[in-house]
Amino acid sequence: MFARGKNSIEFNNVFLRSSATISGPRERKGPLGKYFDDSYENSYCGEESWEKAEIRLQKDAILCALKKLGLKIDDMKAIVGGDLNNQIVATNYASRDFNIPYLGVYSACSTCTEALIVGSLLVDGEFGENVLVVSSSHNSTSERQFRYPTEYGGQKPNSMTFTATGAGVAILSSVASPIKIRRATIGRIIDPELSDTQDMGRTMAPAAAMTLKQHLEDFEIDINEYDLILTGDLSKYGSEVFLQIMKEFNYNVTTNHNDAGKMLYDLENQEVFAGGSGSGCISLVSMGYIVDALKKGIYRKVLLIATGALMNPIMIAQGETIPAIAHAISLERSKQ
Amino acid sequence: MEKSIFKKVLDRNTIKRPIFLNSIKAFLVGGTICLFAQGILWFFKDLLNIEKDKAISLMYIVIVGITSLLTGIGIFDKIGQFSGAGTIIPITGFANSMTSSALESKSEGIILGIMSNMFKLAGAVIVAGVLSAFIVGNVIYLFR
């Protein structure tokens, strides 16, 4: 691997060898439901608490990705992952039973791409042949941590997003596979000085735009390099702001952009307000649908830009604004 | 330079919240709850001939009971999403905030979960109530 431009990395030999997704009930009923390996009918996932349910989702996804290759957890050199809970507790506990090196990462809803970047660095740095990357979110664990109790009857505004329930796993490897990981851009923290915790899509849009701009500059490539630029989870309102900022930067992104928060649910008929969010949202969309579409040749090159609002309720109560971040990583068909 | 672009685009894309429509919904639902509660009060006071103070307490118990039941079976948050202030401002909101906090915390056990967290949201209302009662009580005592 080598550094490109200001904030980017080009990998030599990293492939996405296997992936797996396990979703909650509402995600299964969404337009991409058929791309998930499995889903639970109930958001408790057969466990006694929501936190344990999220741990279950991660464990299931990890075992599913391994099973697809016929490998065991001991064949993985390390686990890299994270989630939205305090102390990234779901990932810590999901990894507890696997006796291999573990790195926990957190950047709110962009944890998915941050983990993929760290995992790719480990593989390309020849730390080991296979590195397992996991990220998840659970609607109810997030609600109780960042917002109100789930049964609280306060009115939610249209700008609110719905945290997805699900976990996505990728097994990154130096073993040649149909999908290659080639480019990554590490995001900078961008604070657009907003403090509405019920309007995070618009808060994260500038970070996504800055990361995309930096990515294009660092690699000296055109916006049409990618068949799809997948942001996540800007949702309905954030996507609009993202496109307009890119236009101000003189990049015309329209046909090759979509947002994971808009794809995961049927915005008209599922009660998710402005769309999906959470690190599980882009994990489900990318490790489920995007990986499938790349294998089938519907897409050749996809840039994932996961966005995270680094929101902390204590800081907001102290009158602070919400910093945001976005990390980008590209998935490409290895034989064009 | 970039900050000014963000500000310009964000200002151009502010999200308008339907305040007028929300107010109408809140008025209709909130009003219906009050009408229903008044009916219960009349039932206890005039049909069962219970004295007024006790009838009021019984009416509260019925409304709080119904709200907690609706919260427990997962319906109240849907009503609240529709009516907004209409269900949060009356005593229904208070009951819902306590029941929902208790439900949410049951996975952490009775003492560390339910008992510690039940007043998480409602606590602010109690503090405000006690404080204003103290101030108003003193004013009445001094100037009566």
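Author: Chain A has 10 helices and 15 strands, where helices (H or I, at least four residues) and strands (E, at least two) are DSSP runs numbered from the N terminus. Bear in mind that this is a predicted model, where local features need pLDDT of at least 70 and side-chain atom pairs count only at pLDDT 80 or more, while totals for chains, interfaces and linings use all residues. Residues are numbered from 1 along each chain as its sequence is written, and chains are lettered from A and ligands numbered from 1 in the order in which they are written.

Reader: What makes chain A as compact as a globular protein of that length?
Author: The radius of gyration, taken over C-alpha atoms, is set against the globule rule, 2.2 Å times the number of residues to the power 0.38. For the 336 residues of chain A the rule gives 20 Å and the model has 18 Å, which is close, so chain A counts as compact as a globular protein of that length. Along its principal axes, the C-alpha trace of chain A spans about 50 × 50 × 35 Å.

Reader: How much of chain A is buried, and what does the word mean?
Author: In chain A, 58% of the 336 residues are buried. In helix H5 (residues 139–146) of chain A, the buried ones are A:Asn139, A:Ser140, A:Thr141, A:Ser142 and A:Arg144. Their cover includes helix H2 (50–69), strand S7 (130–137) and strand S8 (162–163) of chain A, together with H6 of chain B.

Reader: Which residues of chain A are in contact with chain B, by count and by element?
Author: Contact is when C-beta atoms lie within 7 Å. On that basis 25 residues of chain A are in contact with 27 residues of chain B. Helix H6 (200–219) and helix H7 (235–248) of chain A are the elements giving two or more residues to that side, and H7(A) has the largest share, 6 residues.

Terms used:
Contact = placed C-beta atoms within 7 Å. Buried ≥ 20, exposed ≤ 12 C-beta atoms within 10 Å, placed from the backbone.
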